[in-house]
Amino acid sequence: MLDGLLSPVFLQEAGQSGNGKNKIKLLTSSSDVSATISCNGNIKIQSVENGEKKEESYSNLEDVYTTISCDKNTEIVIIGDVTKFAINDEDSSDGYLQTIDVSKCNSLLNLSITNCSYIENVDLSKNANLQELVLSGCVGLLDLSLVGLENLSYLEFDSGSDGNNAHITELDLSSCVSLKNATLTGLEVINKIKLNNSLEELYLTTPDSTLTKIYYAATNNVVSSTIADVIADATAADGTVYTDSEGAYYSTIADAATAKGWTIEQL
Amino acid sequence: MEKKKPTKLAICGKVISIAKIGEKSLAQFKSQLKLAGVNVSDERVSKVYAACGGRDAVKESK
């Protein structure tokens, strides 16, 4: 029985990568990368500098600012149980983060990517343990899927200081069943938002967006009032709010939708 | 979310305290790295010093 539990198959089912090690991979056009890292146990940071492979080892870091020098356009691999990873492109010297791969880092609880306007995708489909996610100023993101992030309790997705996101048209938070606090701003072309009912705080602005569809069951007055404001400020004359007529704060949303001429559909 | 300011720096396999970097000059920071056995170029030290919020840092824009 124990043998079975410790088999490679078990490790894969537990979310570990095939070789049993969590990994984060970065590709940067800069000659250095800096990040704040927390980890359990040992981690190794592998990079290439002056054409030679190098490796640095650390143990049990807790909110430690880490800086890694590397050759431009080479990959950095962080191997081990990283629990927090926070990167800000403004901290790199002379280039930009091109890709970040956290899909093999199941240990990640807290991920913050700031001002990385050149990254186009972040695959979070394997980060089921993620509790906090900050994507600030990542205005080049083409898509964002939060499906399966059942432990996510904090989400910050804002435009930062580098313009609005001009690509993301849909955002589905319905499977983020633990999400209590969400900030969603700078979504310039968003047209459909599905919210979850666990939200306690929502800061949502969609300036000049084409938002026409909102899904929310009206269970929280703060969130319902925010949605009412978003509807009132919407530029689209025709929109639809999908909400639950049995929801505690249905009237808040319904009044705003009616005043705007939007349609109300049963969720 | 609370933005916790890092108090430690991991560089070249060493972990050093940067809790009081706001009180240190670049020269003092260089000495601290040297004492810790961190061997990096002056240019790199300056970059790290600035990134960590060193007292006399001048942050260059990319």
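In helix H2 (residues 42–51) of chain B, the buried residues are B:Arg44, B:Val45, B:Val48, B:Tyr49 and B:Ala50; buried means under 20% relative accessible area with a 1.4 Å probe, protein chains only. Helices (H or I, at least four residues) and strands (E, at least two) are DSSP runs, numbered from the N terminus. This is a predicted model, in which local features need pLDDT of at least 70 and side-chain atom pairs count only at pLDDT 80 or more, while totals for chains, interfaces and linings use all residues. Residues are numbered from 1 along each chain as its sequence is written, chains are lettered from A in the order in which they are written, and side-chain values use heavy atoms, with hydrogens and water left out.

**Helix H2 of chain B**

- The buried residues of H2(B) pack against E2 and E4 of chain A, and also against E1 and helix H1 (26–35) of chain B.
- After H2(B) comes B:Gly53, which has a positive phi, near 90°.

**Extent of the interface**

- Chain A contributes 28 residues to the contact and chain B contributes 21 residues, contact meaning heavy atoms within 4.5 Å.
- About 1,800 Å² is buried between chain A and chain B, 54% of it on carbon and sulfur atoms; buried area is the accessible area (1.4 Å probe) that two parts lose on being put together, summed over both.

- A salt bridge joins B:Arg44 to A:Asp32, with the closest N and O atoms 3.3 Å apart.

**Chain A side of the interface**

- Strands E2 (32–49), E3 (52–59), E4 (64–69), E8 (132–136) and E9 (154–158) of chain A each give two or more residues to the side that touches chain B.
- E4(A) gives the most to this side, with 6 residues.

**Strand pairing**

- E4(A) pairs with strand E1 (residues 8–11) of chain B in the parallel sense over 3 bridges; two strands pair if DSSP finds at least two bridges between them.
- B:Leu9 in E1(B) is the bridge partner of A:Tyr65.
- Within chain A, strand E14 (residues 213–215) and E15(A) also pair in the parallel sense, over 3 bridges, and A:Tyr215 stands opposite A:Tyr242.
- Strand E15 (residues 240–243) of chain A is covered on both faces, with A:Thr240 and A:Tyr242 buried on one side and A:Val241 and A:Thr243 buried on the other.

Notes:
A salt bridge is a side-chain nitrogen of Lys or Arg within 4 Å of a carboxyl oxygen of Asp or Glu. Buried means under 20% relative accessible area, exposed over 50%, partly exposed in between (1.4 Å probe, protein chains only).
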